[in-house]
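This report describes a protein model, from its overall dimensions to selected side-chain pairs. Please read it alongside the sequence and the coordinates shown here.

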Amino acid sequence: MERKSFLFSFFLHACALLLAVIILAPVAWLFIMSISPAADLTAKPLVWWPQSVDFSRYGILLSSVENSAGAAFVASLINSILVAGMATIAALALAIPAAWAVSRTPSVGWSLYMVIATYMLPPVALAVPLYFGLAHLGLLNSVFGLALVYLTILAPFTTWLMKSGFDAIPKEIEAAAMMDGAGLFATLRIITLPLAAPVMATSALFAFLLAWDEFFYALLFTSDLRAKTLTVAIADLAGGRVSDYGLIATAGVLAALPPVVIGLVMQRALISGLTSGGVKG
């Protein structure tokens, strides 16, 4: 085997360390802000590490006292989980058969590219028709209505990702299963979907993140805690005359936890899905 030089290994590890620092430094600073006293966050010169650690903001945002900042934050957190979860599940339910059909029938691939082309439109161009559509259906300021809007964003994206996963699965495997007497749905359930599971997990994670971070439509189509999501709730914290930067940072840390936990749980499937199709035998 070819031996790698010490300088090359050192350079490789140094680049990896630098990349980790660049990625994690903003997250670390966000956490430091969340536990710093308000005076340290406005001091000049800036205090990089607090003299006294203050975790009280986490208690404020996680409290269940009625009409408090914590109650609003927790309600928005639940709304975000419901909206992102429903939109992701619905997007996968639509994307799996659509992606398989496009993958196995290249002659209809133009339809997928036409749908993906809608991403070129700015969101504000679709805001008015979506608003009137939701108003006509009585779904304004509704968790279900917002999930339906997110579905229009996630379905083309997840279909595109899923198609790349199905393309990497040889058609001959499905043909062999059908020759052995398996029907179409049995072949998909027993053969195709298990092989595409890593790509499905990757698509689900990215779809969830897109829905979790969306702000524009959530701001337009929600008005109170019945449907307001976490991104809008965090913006509300910064909307007053005097902003508590530590409280905003605390909300950011708490908002990042669900996606991080999901990513850690799905880490193996995520890596497999991102690398699928990279090497063909």
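## Surface and overall dimensions

The protein chain has an accessible surface of about 17000 Å², and 73% of that area belongs to carbon and sulfur atoms. The model is a predicted one. Along the principal axes, the C-alpha atoms of the protein chain fill a box of roughly 70 × 65 × 35 Å. Of the 281 residues in the protein chain, 35% are buried.

The protein chain carries 13 positive and 13 negative side chains. The centres of these two sets lie 6 Å apart.

## Fold composition

The protein chain contains 14 helices and zero strands, and its pattern along the sequence is accordingly written as α-α-α-α-α-α-α-α-α-α-α-α-α-α. Among contacts in the protein chain with a separation of 6 or more, 71% are between residues 24 or more positions apart.

## Salt bridges

Side chains of opposite charge can pair when their charged atoms come close. The structure holds five salt bridges, and three of them are described here, beginning with the pair formed by Asp244 and Arg57. The closest N and O atoms of Asp244 and Arg57 are 3.6 Å apart. This pair links distant parts of the chain: Asp244 belongs to the loop between helix 12 (230-237) and helix 13 (245-265), whereas Arg57 belongs to helix 3 (residues 56-61), and 187 residues separate the two. Asp244 is partly exposed at 33% relative accessibility, whereas Arg57 is buried with a relative accessible area of 5%.

A second salt bridge joins the side chains of Lys163 and Asp167, with an N to O distance of 2.8 Å. Lys163 and Asp167 are separated by about one helical turn, because they stand four residues apart in helix 7 (residues 143-167). Lys163 is buried, its relative accessible area being 17%, while Asp167 counts as partly exposed at 38%. Lys228 likewise forms a salt bridge, its partner being Asp236, and the closest N and O atoms of this pair are 2.9 Å apart. Lys228 counts as buried because its relative accessibility is 15%, under the 20% cut-off. Asp236, in contrast, is partly exposed with a relative accessible area of 42%.

## Helix 12 and its cover

Which residues of helix 12 are buried? They include Leu230, Thr231, Val232 and Ala233. The cover over the buried residues of helix 12 includes helix 4 (69-104), helix 10 (197-213), helix 11 (216-221) and helix 13.

Tyr150 lies in helix 7 and is buried, with a relative accessible area of 2%. Apart from residues up to four places away in sequence, Tyr150 touches Val83, Ala87, Ala211, Glu214, Tyr217 and Ala218. The C-alpha atoms of Tyr150 and Ala207 are separated by 9.4 Å, and these two residues are 57 residues apart along the chain.

Thr159 is also placed in helix 7. What does the side chain of Thr159 reach at 2.7 Å? At that distance, the side chain of Thr159 reaches the backbone oxygen of Ala155. Thr159 is buried, with a relative accessible area of 8%. When neighbours within four places in sequence are left aside, Thr159 is in contact with Ala95, Ala98, Ala99 and Leu112.

## Backbone features in loops

Lys44 and Pro45 are joined by a cis peptide bond, for which omega is about 0 degrees. Pro45 is located in the loop between helix 2 (38-41) and helix 3.

Asn141 is found in the loop between helix 6 (123-137) and helix 7. The phi angle of Asn141 is near 55 degrees, which is a positive value in a residue other than glycine. Is Asn141 buried or exposed? Asn141 counts as buried, at 11% relative accessibility.

Technical notes
Residues are numbered from 1 along each chain as its sequence is written. This is a predicted model: local features need pLDDT of at least 70, side-chain atom pairs count only at pLDDT 80 or more; totals for chains, interfaces and linings use all residues. Side-chain values use heavy atoms; hydrogens and water are left out. A salt bridge is a side-chain nitrogen of Lys or Arg within 4 Å of a carboxyl oxygen of Asp or Glu. Buried means under 20% relative accessible area, exposed over 50%, partly exposed in between (1.4 Å probe, protein chains only). Contact means heavy atoms within 4.5 Å. A polar contact is a pair of N or O atoms within 3.5 Å; within protein, one must be able to donate a hydrogen and the other to accept it, and residues adjacent in sequence count only if both atoms are side-chain atoms. Accessible areas come from the Shrake-Rupley method with a 1.4 Å probe; for residues, only the protein chains shown count as cover. Lys and Arg count as positive and Asp and Glu as negative; His and the chain ends are not counted. The place of a charge is taken as NZ of Lys, CZ of Arg, CG of Asp or CD of Glu.
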